Amino acid sequence: MCMDVSFFDFAAIPSILYTLTLSFAMKFFKRLTASVLIASTAMLGMPMVAHAGIVSSEQALASQSQSDARARVSALLAREEVRAGLAERGLSADLAQERVKAMTDDEVATLAGRIDQAPAGGDILSVLFTVFIILLVTDILGLTKVYPFTRSVR
């Protein structure tokens, strides 16, 4: 039984193989996508476990104040005049920042409290008011003549 191969087109074999391969790849992709969607849909119905506990106001405020204290100290170390002051003393600002990160929460809170209590330029208004009152009193007593709107007691 001999077959006549003259009617068979051998040039069509690559396109047939490509079509079969493409068809197989599409089937595989569709099956994979369907499997992933089925699994994820099935997982949506499973109960999620959540653990909740009562958090007191003090704990919530302490947590927030600790992060605020760290932020205040970090902001202070980021200022240019502080960096310049550290450089004058031979310290690196990056090293100081790393040391602050290594500090405990209580140490950072103490440091932030000391920074808040330190005198700075924010107290200038009270100094100016005190100088104004002193000059006004000396003007009224006749010891100085600074303000034209005062009359001397003498």
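**Gln97 and the helices of the chain**

Tutor: Gln97 is found in helix 4, residues 93–102. Helices (H or I, at least four residues) and strands (E, at least two) are DSSP runs, numbered from the N terminus. This is a predicted model, in which local features need pLDDT of at least 70 and side-chain atom pairs count only at pLDDT 80 or more, while totals for chains, interfaces and linings use all residues. Residues are numbered from 1 along each chain as its sequence is written, and side-chain values use heavy atoms, with hydrogens and water left out.

Student: Why is Gln97 called buried?

Tutor: The relative accessibility of Gln97 is 17%. Buried means under 20% relative accessible area, exposed over 50%, and partly exposed in between (1.4 Å probe, protein chains only). Gln97 therefore counts as buried.

Student: Which residues are in contact with Gln97, leaving aside its neighbours within four places in sequence?

Tutor: They are Ser74 and Leu77. A contact requires heavy atoms within 4.5 Å.

Student: What makes the buried residues of helix 4 lie on the same side?

Tutor: The buried residues of helix 4 are Ala93, Ala96, Gln97 and Val100. They cover an arc of only 100 degrees around the axis, so they are on the same side of helix 4. The arc is that of the directions from the helix axis to the C-beta atoms. In general, an α-helix has 3.6 residues a turn, so residues three or four places apart point the same way.

Student: Which exposed residues does the face turned away from the buried side of helix 4 carry?

Tutor: That face carries Asp94, Arg99, Lys101 and Ala102. For Asp94 the relative accessibility is 52%, so this residue counts as exposed.

Student: How do you know that Asp94 and Arg83 form a salt bridge?

Tutor: Their side chains meet at 3.9 Å, N to O. A salt bridge is a side-chain nitrogen of Lys or Arg within 4 Å of a carboxyl oxygen of Asp or Glu, so the pair meets the definition. Asp94 lies in helix 4 and Arg83 in helix 3 (residues 80–88), so the pair ties together parts that are 11 residues apart in sequence. Arg83 has a relative accessible area of 31% and is therefore partly exposed.

Student: How many salt bridges does the structure hold?

Tutor: The structure holds two. Glu81 forms one with Arg79, where the closest N and O atoms are 2.5 Å apart. Arg79, at 40% relative accessibility, is partly exposed.

Student: Why is Val137 called partly exposed?

Tutor: Val137, which lies in helix 6, has a relative accessibility of 43% and therefore counts as partly exposed.

Student: Where is Gly142 placed, relative to helix 6?

Tutor: Gly142 is in the segment after helix 6 (124–141). With a relative accessible area of 29%, Gly142 is partly exposed. Gly142 and Val153 are 11 residues apart in sequence and 6.2 Å apart in space, C-alpha to C-alpha.

Student: What makes up the elements of the chain?

Tutor: The chain has six helices and zero strands, in the order α-α-α-α-α-α from the N terminus on. Of its 154 residues, 10% count as buried. Among contacts between residues at least 6 apart in sequence, 34% join residues at least 24 apart.
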